[in-house]
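Here is a short briefing to read alongside the model. Have the sequence and the 3D view open as you go.

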Amino acid sequence: MAGGAIPTGPAGPTHREAFLNGIWKENPVFVQVLGMCPALAITNTVVNALAMSVAVVFVLVMSNTLVSLLRKLVPKEVRIAVFILIIATFVTVTDYAVKAISISIYKAMGPFIALIVVNCIILSRAEAFSSKQPVFKSILDGFGMGFGFAIALLCMGSVREVLGSGTFLGVPLFGPNFEPWVVFVLPSGGFLTLGVWLLFFAWWRERKDRRNSRQGEAA
Amino acid sequence: MIALLGAVSTICGLIIVTADMVTAETIRNNLAQIRRQAVGEVLPGTTELVKYAVDADAGTVTEAPEGEAKGPAPNLFACFDEDGAGNRRFLGVVCEASGKGYGGAMKVLYAYSPDKQAIVGFKVIESKETPGLGDKILFDEAFLGNFEELDVRLDEAGDALAHDIETVKHGTKTARWQVDAISGATVSSRAVGDMLNADARRMLPLIRRHLDELRQGGT
């Protein structure tokens, strides 16, 4: 499942591919099944999912940029150490920024802002992509993967908030008689929701593959 | 290689220091504002606070001025409002207490009125209680009604509570120093009651001894 398995031609992906791969074909959560820790822990409300996504997009784009800029200077032996140092730097910056923007969001995120350091999406992009590709493509890749992550988190967050609290972005949806399915706000609900989404996306891909192969045969 | 590692570390260090310098003041203001807001909710009408750090074991009450990064965090707030003529009037004090709830650490604020000898306001500011069950202590109106005037009279000597705060089963409250638990959230309710009792026993005698100083509101 490592990001290194991305099939690319000898010239690497085009700009378009660099951006779009992360959103759909290589979606970090639903296809690569990376970054599960925030995807399960921080998706009990849509606001939390959004805040987490913004933080990850920022760290991903910035670390991709810096890693790509330094890619010809960093010796192979110490590359992981350098990547981690760079990622940790931008995570610290994010940590300060979130605290300055809203303390209540910062509290809701708990330890998960700091844990972006060990988010395997970011390290895998540094290792598999930006340490080998030019800067502009790496930035596109950072945005693509980041948006893919954001889409996945929002999918999780909206299901869990709507069913678990009966609200969307804090706005009540069902009137006062709705009894929230509290399990969806709890960790077990995170696993349930993730399972159902993975099932849905696997089914969707399989259906598409079958169609494609049928069309191939017909042609 | 060493030079490169040094250079990368320097760049990262600079980025972090810059971020810290840019955000430090906003973060401090945010924290102070959140605290002012929370204290204002516990003791409505507060327009001005004077912060104190209380060390209950050493029996000291020292002023903890605004924006001071070092020194103990303030845990006692003397609250004032203003009459029409621009004079400060002493409303009471708000204390911060912490303890253990059902789900983990819990932090609460409570307002104490020395004139009424009662707890007159209460708010949970940090908790990990179970959603749908224990977290009712945050908003259950009947439960919060306990703290509109909870008797915490001191005994004759003034160094202990005349009656301990007791948490009783839902619907069996008979005395003004009892807390009526929420049915279905008994453990969390009891945790609140015990936390208040422990904190009031330590703080209130100390507050009485320093009352004149607190009424003056510092320098």
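In what sense do strand S1 (residues 48-55) of chain B and strand S3 (residues 76-82) of chain B pair, and over how many bridges? S1(B) and S3(B) pair in the antiparallel sense, over 5 bridges. Strands count as paired if DSSP finds at least two bridges between them.

This is a predicted model, in which local features need pLDDT of at least 70, side-chain atom pairs count only at pLDDT 80 or more, and totals for chains, interfaces and linings use all residues. Residues are numbered from 1 along each chain as its sequence is written, while chains are lettered from A and ligands numbered from 1 in the order in which they are written.

**Confidence**
- Chain B has a mean pLDDT of 86, with 96% of its residues at 70 or more; pLDDT is the predictor's confidence in each residue, from 0 to 100.
- For the complex, the predictor gives an ipTM of 0.76 and a pTM of 0.77.

**Chain B and its sheet**
- Chain B has 4 helices and 9 strands, which are DSSP runs numbered from the N terminus (helices H or I, at least four residues; strands E, at least two).
- An open sheet of 7 strands runs in the order S2-S1-S3-S4-S5-S6-S7 in chain B, with antiparallel pairing.
- S2 (60-63) and S7 (150-151) of chain B are at the edges with a single partner strand each, so one side of each has no neighbour in the sheet.
- Within S3(B), B:Cys79 stands opposite B:Leu49.
- Helix H3 (residues 186-209) of chain B lies across S1, S2, S4, S5 and S6 of chain B and runs at about 130° to S4(B). Such angles run from 0 to 180 degrees between N-to-C directions, and axes are lines fitted to C-alpha atoms, for helices over the stretch in contact.

**A helix pair in chain A**
- Helix H7 (residues 135-165) and helix H8 (residues 187-218) of chain A have axes that come within 10 Å and cross at roughly 125°.
- H7(A) and H8(A) are therefore oblique to each other (under 35 degrees is roughly parallel, over 145 roughly antiparallel, 65 to 115 roughly perpendicular, and the rest oblique).

**Where the chains meet**
- The contact takes 20 residues from chain A and 18 residues from chain B; residues are in contact if their C-beta atoms, placed from the backbone, lie within 7 Å.
- On the chain B side that touches chain A, there are 12 nonpolar, 5 polar and 1 charged residues. Nonpolar covers Ala, Val, Leu, Ile, Met, Phe, Trp, Tyr, Cys and Pro; charged covers Asp, Glu, Lys and Arg; the others, Gly among them, are polar.

How values were computed
Contact = placed C-beta atoms within 7 Å.
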